[in-house]
Amino acid sequence: MAAEASKTSTPIPEPLFASRPGLPRANGWRLTLGPATVAVASLLCLLVGLLYLAMQIRTVFSDHVKQEYASLVLEAVERAETARARVGVWDEVPGAHESAAAGYRDARAELTRRLASLAALVNASPAGSPRIPSSVLLPDTTLAQMDTLLHDASSYWHARRDAESADMRKRITLVARMLLAVAALLFCMLLTALGMYAKRNRLLAGQSHEFEHAALHDPMTGLANRRKLVAALEQAATQVSTGARLRKIAVLYMDLDGFKKVNDSLGHRVGDEFLIEVSKRFRESVRKDDVVARIGGDEFAVLVREFSEQDELRHIAQRLIGCVARTDEQMGMGMVRASIGIASYPDLVDDYRRLVVAADEAMYQVKRSGKDGYAFASRGREQ
């Protein structure tokens, strides 16, 4: 076998969620802004907003109750004023009539009952309001005192109801605006969280693709490695066995003759440059569906997914040998050539799992017979 080429170390991928510098750190953990953080912040904002809205709505209901209470008081005032008007009417009737005196007494009694009802309602108010003294309910209370009481009560509770109504309208407007603000904020934060989640998924997908690529490709030349070659070979063999028409696949195993001298005389850096350059030429010389793989230091393999005649494989082998010769000439070495072994399935090798081994053995036949050429695997040897 040809000597092993200069060894290149595979770069170790960075962790998926490596912490970025500059983020706050406390007690050994870093605070990172991610979808979960944004979602938690959105939830906290929603809870705070809902708590504030609940308090405002509670105040609105309280204002509504106060407004309704003021309306009840004003209704009681109106009933008392109606009773007072009746008293005034009977007071103007001449007292000589017995029926007028009885009507006046009844109207005065009704007024007293209305005032008592108003006093009970006003004095039971939970909010601070002017109380109605019990002295106005005494029989010796004058009509003028009652008029003053009713006027003061009507003015105060009208103003009270108007103030509660204005405050309630103001709070309802505030609640509506707060609802819109919370909804807009929550919507924006959820969109942000979804965007970050989508970005994280794209990042993970990209990193997963990078890891998969690194696991299936040679880090220096970018060619497929042995693992990818075996997987592609199994896939191609499955297509051969399940296809409607007869298909054939082949493996060309190649070793670079004289490459060890490059490393020994010119150094590993030059050897690496040669491998990179010749790998580019290999990719350009084969079809897009074919797989070029670097098996070892200076060993390569080409999987031909489909061919009809062996002449096609000969042309491919000649192009690969020409790639090595042109690269050697371009770099001015004059010491590197290629030996290629060719094995095909199912015509020469009846088990696709032995294709690489059969091609490797055919390549050694070329080396023993003078190198710088190609040879096909023997059917009799494989059988």
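Predicted model: local features only at pLDDT ≥ 70, side-chain atom pairs only at ≥ 80, totals over all residues.
**View 1. Helices α6 and α7 pack against each other.** Two packed helices are described by the angle between their axes and the distance between the axes. Here, α6 covers residues 268-285 and α7 covers residues 310-330. Their angle is about 145°, and their axes lie 9 Å apart. The crossing of α6 past α7 is right-handed. On the α6 side, look for Phe274, Glu277, Val278, Arg281, Phe282 and Ser285 in the contact. From α7, the contact takes in Arg319, Leu320, Cys323, Val324, Arg326, Thr327, Asp328 and Gln330. Sorted by class, this contact of α6 with α7 comprises six nonpolar, three polar and five charged residues.

**View 2. Tyr156 and Trp157 form an edge-to-face ring pair.** The structure has six aromatic pairs, and this view shows one of them. The ring centres of Tyr156 and Trp157 are 5.3 Å apart. Their planes stand at 90°, so the pair counts as edge-to-face, for which the cut-off is over 60 degrees.

**View 3. Phe259 and Phe274 make a tilted ring pair.** The centres of these two rings are 6.0 Å apart. Because their planes meet at 45°, the pair is classed as tilted. Phe259 belongs to helix α5 (residues 259-266) and Phe274 to helix α6, so the pair ties together parts that are 15 residues apart in sequence. Are the two side chains buried or exposed? Phe259 is buried, with a relative accessible area of 0%, and Phe274 also counts as buried, at 0%.

**View 4. Thr37 sits in helix α1.** This helix runs over residues 35-91. Thr37 has a relative accessible area of 32%, so this residue is partly exposed, a class that lies between the cut-offs of 20% and 50%. Which distance separates the C-alpha atoms of Thr37 and Ala193? The two C-alpha atoms are 8.4 Å apart, while the residues themselves are 156 residues apart along the chain.

Definitions and conventions:
Residues numbered from 1 in each chain as written. Heavy atoms only, no water. Axes fitted to C-alpha atoms, helices over the stretch in contact; angles between N-to-C directions. Helix = DSSP H or I, 4+ residues; strand = E, 2+ residues; numbered from the N terminus. Left-handed = near helix turned anticlockwise from the far one by under 90°. Contact = heavy atoms within 4.5 Å. Nonpolar A, V, L, I, M, F, W, Y, C, P; charged D, E, K, R; others polar. Buried < 20%, exposed > 50% of the residue type's maximum accessible area, 1.4 Å probe, protein only. Phe/Tyr/Trp six-rings, centres within 6.5 Å; stacked < 30°, edge-to-face > 60°.
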